[in-house]
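Subject: Structure handover

Hello,

Here is the structure you will be working with. Please open it next to this email and follow along.

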Amino acid sequence: QVHVEESGGGLVQAGDSLRLFCTASGGYAMGWFRQAPGKERELVSAVDWIGSNTYYADSVKGRFTISKSNNNNMLYLQMNSLKSEDTAVYYCAATTKSGLTLSEDRYTYWGRGTQVTVSS
């Protein structure tokens with residue numbers, strides 16, 4: 001069983017930055033999802049196993065940066081210029097695929113989520 005755990009969430013003001021961390025005991029391609037109150041969970045960003053191919057949702061493009069370190073099984077999400085609409089529970093997820101994975105149903109392993117709240 002692969003264990004996935006996020007950290008780094010918190011309460012910040014609009015315009016601030018925050019960095020999310022995820023440690024995974026296995027898996028290959030990984031992604032960050034988020035779910036805001038009353039909304040469906042959505043893919044925010046994803047990266048392939050090597051770390052060379054990435055995806056960003058239009059709403060975060062240019063503000064968020066995903067990166068990973070296979071040496072220590074870490075995944076990061078640097079979030080800059082945060083907006084109130086970025087408020088959500090952020091989930092880290094891992095797949096058994098090596099390529100960039102955009103479909104939520106292909107993610108097998110999930111963390112419990114970390115709350116990010118951006119006040120305006």
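How many of the six residues of strand E8 (residues 74-79) are buried? Five of them are, so E8 is largely enclosed by the rest of the structure. "Buried" means under 20% relative accessible area, "exposed" means over 50%, and "partly exposed" lies in between (1.4 Å probe, protein chains only). Strands (E, at least two residues) and helices (H or I, at least four) are DSSP runs, numbered from the N terminus.

Some ground rules before the rest. This is a predicted model, where local features need pLDDT of at least 70, side-chain atom pairs count only at pLDDT 80 or more, and totals for chains, interfaces and linings use all residues. Residues are numbered from 1 along each chain as its sequence is written, and side-chain values use heavy atoms, with hydrogens and water left out.

**Strand E8 and its partners**

Two strands pair if DSSP finds at least two bridges between them. E8 pairs with strand E3 (residues 18-24) in the antiparallel sense, over six bridges. Find Thr23 there: its bridge partner in E8 is Met74. Strand E7 (residues 64-69) is also antiparallel to E8, and six bridges join the two. Here Thr65 stands opposite Gln78 of E8. E7 and E8 form a hairpin, with four residues between them. Look at Asn73 in the turn: its phi is positive, about 55°.

Now move to strand E11 (residues 114-119). Which of its residues make up the covered face? Thr114, Val116 and Val118 do. The uncovered face holds Gln115, Thr117 and Ser119.

E11 pairs with strand E2 (residues 10-13) in the parallel sense, over four bridges. Val12 stands opposite Val118 in that pairing. With strand E9 (residues 88-95) the sense is antiparallel, over three bridges. There, Ala88 has Val116 of E11 as its bridge partner.

Stop at Thr114, which sits in E11. Its relative accessibility is 11%, so it counts as buried. Its side chain reaches the backbone nitrogen of Gly9 at 3.2 Å. That is a polar contact: a pair of N or O atoms within 3.5 Å, where, within protein, one must be able to donate a hydrogen and the other to accept it, and residues adjacent in sequence count only if both atoms are side-chain atoms. Contact in general means heavy atoms within 4.5 Å. Not counting residues up to four places away in sequence, Thr114 touches Glu6, Ser7, Gly8, Gly9, Leu20, Ala88, Val89 and Tyr90.

**The disulfide**

A disulfide is a pair of cysteine sulfur atoms within 2.5 Å. How many does a search of the whole structure find? One. Cys22 and Cys92 form it, with their sulfur atoms 2.0 Å apart. The link is left-handed, with -75° about the S-S bond. Cys22 lies in strand E3 and Cys92 in strand E9, so the pair ties together parts that are 70 residues apart in sequence. Both cysteines are buried.

**The salt bridges**

A salt bridge is a side-chain nitrogen of Lys or Arg within 4 Å of a carboxyl oxygen of Asp or Glu. The whole structure has five. Here are three of them.

- Glu104 and Arg41: the closest N and O atoms are 2.8 Å apart. Glu104 lies in the loop between E9 and strand E10 (107-110), and Arg41 in the loop between strand E4 (30-35) and strand E5 (42-47), so the pair ties together parts 63 residues apart in sequence. Glu104 is partly exposed at 31% relative accessibility. Arg41 is partly exposed too, at 29%.
- Asp86 and Arg63: their side chains meet at 2.8 Å, N to O. This pair links distant parts of the chain, 23 residues apart: Asp86 is in the loop between E8 and E9, and Arg63 in the loop between strand E6 (54-56) and E7. Asp86 is buried, at 1% relative accessibility. Arg63 is buried as well, with a relative accessible area of 10%.
- Lys61 and Asp58: the closest N and O atoms are 3.0 Å apart. Both residues are exposed.

Which residues are linked in a network of salt bridges? Arg34, Glu42, Arg63 and Asp86. Pick them out in the viewer.

Best wishes
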